[in-house]
Amino acid sequence: MADHGLTKILLDESELPTHWYNIVADLPEPPPPPLHPGTHEPIGPEALAPLFPMALIEQEVTTERYVEIPEEVREVYRLWRPSPLYRARRLERALDTPARIYFKYEGVSPAGSHKPNTAVPQAYYNAMEGTKKITTETGAGQWGSALAFATAQFGIECEVWMVAASFLGKPYRASMIRTWGADIHSSPSELTEAGRAVLAQDPDSPGSLGIAISEAVEMAAQDPDTKYALGSVLNHVLLHQTVIGQEALAQLAKVDETPDLIVGCAGGGSNLAGLIFPFLREKMAGTMSPRLLAVEPDACPSMTRGEYRYDFGDVAGMTPLLKMHTLGHDFVPDPIHAGGLRYHGMSPLLSHVKELGLMEATSIGQTACFEAAIQFARTEGIVPAPEPTHALAMAIQEAERAKETGEETVILTALCGHGHFDMAAYDAYLSGELEDRPYPTEKVADAMTRVPVIA
Ligand SMILES: *Cc1c(COP(=O)(O)O)cnc(C)c1O
C-alpha cells in the first residue's frame, strides 16, 4: 500500500471518544460472576457498596454496549487525550523489517501511564456520591500517582499503601503522590490489622500487591465516607481503558491500516483490554482479523502458568472470589523491575476472553525486555516503562520474523507508560546485574492448595 508518510497520527480534541465500550455486550457467553468469600454464592451489587460508589458498581455489572463518558471526565481527559499513535519508523529501519509497527503512547498523561484513564472517572463518581476519601494500594507507584492526580481534580482525599519493595526502590513515585496531595504509607504497615499480621510473621516483608490491597480495603471498610479504588482487574477499570483502543482504531483508519497483530503487556489486564477490546468488537463483527496477544513476565505468569479458577483478589481473603487466571492469592513475587506486572491474578473479564479462545498469551523474561527497551529508546527516543517492554520485545520478535518471511505485517502495541521513574532498573540492566527469574511451577501447585475449592 502507499505510505501515508506520517510518524504521529493525531486526533482532534473533538474526536475524543464520547462513550466507553463494554465488551460483555458482545461476548458469546457472560463472564462467571464474583462469589461471596464466605458462602460462595454469587454476590449482588449491594455486597460491593461499602467499597465502591453505586455508579461504578453499576458499570461493573452492566451489559450495555456503550456507557457515556461524563463531560466532567472528558474535560480532564482533554489535558492529554486523544493520545498520539506513532508509527515506529526508526525502529522499523533499524530492524530492516517490512513490518509496520505502530504504538499507542499513553506516557503523555500527567502520571505518565494509562492509569489516569480510569483514575479520573473513579474519582469523579466518588465525588458525585459524596465520598470524602479514597484508599488504594500501589505496586510500582503508577496507580497511586494516577489516583493522587485524579482525586486532586475533584477535591477528595487520597491515602495510598505502596508495596514496601517499591517504596524503598522508587522514592520519587512517592514524592509525586505527595505532590498531588495524597498520603502514602509503606505496606505492610502498622496501621492495619492485615499489615500488622504480616509484619508479625516477617518484619522485613517486601510487601505485595495482595497485602497492600488488604490494607487499603480494611481502612475503607471501616469508614462510611471512605471508599476504595482499584487500578486494574475489575470490569469497570477495563471499561474506562477502552478509550485507548477506540482512539487507536480511529487513528489506524485515518491512515487506512488494519492490524495483523495487537500485542500488549498484561499485569492485571487493563491496558491490554483497553487496547484490544474495541478491535475484538470489530473482529467478532468480521471487519478485521488481528491476532491478539497478551505478554506477561516469566516471573509472574498468571495466564501462562497459573490456573483458571476462583480465588481471592487479596492476601487476607477479604475480597469476593473472582474466577481468573491465578498464581494463588498468597503469591509473593520476586522483585522484578516491572512492578506493575506483579499481581497474582488476571482480570476475570480478560481471563474469560482468553478461555473463550479470543486471545492468546505468552511470557518473557526481563533481560529480553530490557534489550528491546534499549533498542526502542535508541531509535524512537522514548524510554519505556518496564511493563510495556514485554510487548515491545514481542513486537520486535514478530517484526524480525516478518523480515524472514517478507510479509508486510502490521503490528500495533500500547506503550502504556514512560520509564522516567524506572531508571534504577535501566541501571541494573546496563551494568549487567539484571537476572531472569522464571517462576517455579512447584510454587504454583503449592499455592493452589490454599485456594478455596468451590463446590
Ligand atoms: C499498572 C501498569 C501496568 C499493569 O497493569 P495493567 O492493568 O495490566 O495494564 C502496565 N504498564 C504500566 C505502565 C502500568 O502503570
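User: In which loop is Pro82 found?

Analyst: This is a predicted model, in which local features need pLDDT of at least 70, side-chain atom pairs count only at pLDDT 80 or more, and totals for chains, interfaces and linings use all residues. Residues are numbered from 1 along each chain as its sequence is written, and side-chain values use heavy atoms, leaving out hydrogens and water. Helices (H or I, at least four residues) and strands (E, at least two) are DSSP runs numbered from the N terminus. A cis peptide bond with omega of about -10° joins Arg81 and Pro82, and Pro82 lies in the loop between helix 2 (71-77) and strand 4 (85-87).

User: Is Asp256 buried or exposed?

Analyst: Asp256 belongs to the loop between helix 10 (235-254) and strand 10 (261-265), and has a positive phi of about 60° although it is not a glycine. Buried means under 20% relative accessible area, exposed over 50%, and partly exposed in between, with a 1.4 Å probe and protein chains only. The relative accessible area of Asp256 is 63%, so this residue is exposed.

User: What percentage of the 455 residues in the chain is buried?

Analyst: The chain has 17 helices and 15 strands. Of its 455 residues, the buried share is 62%.
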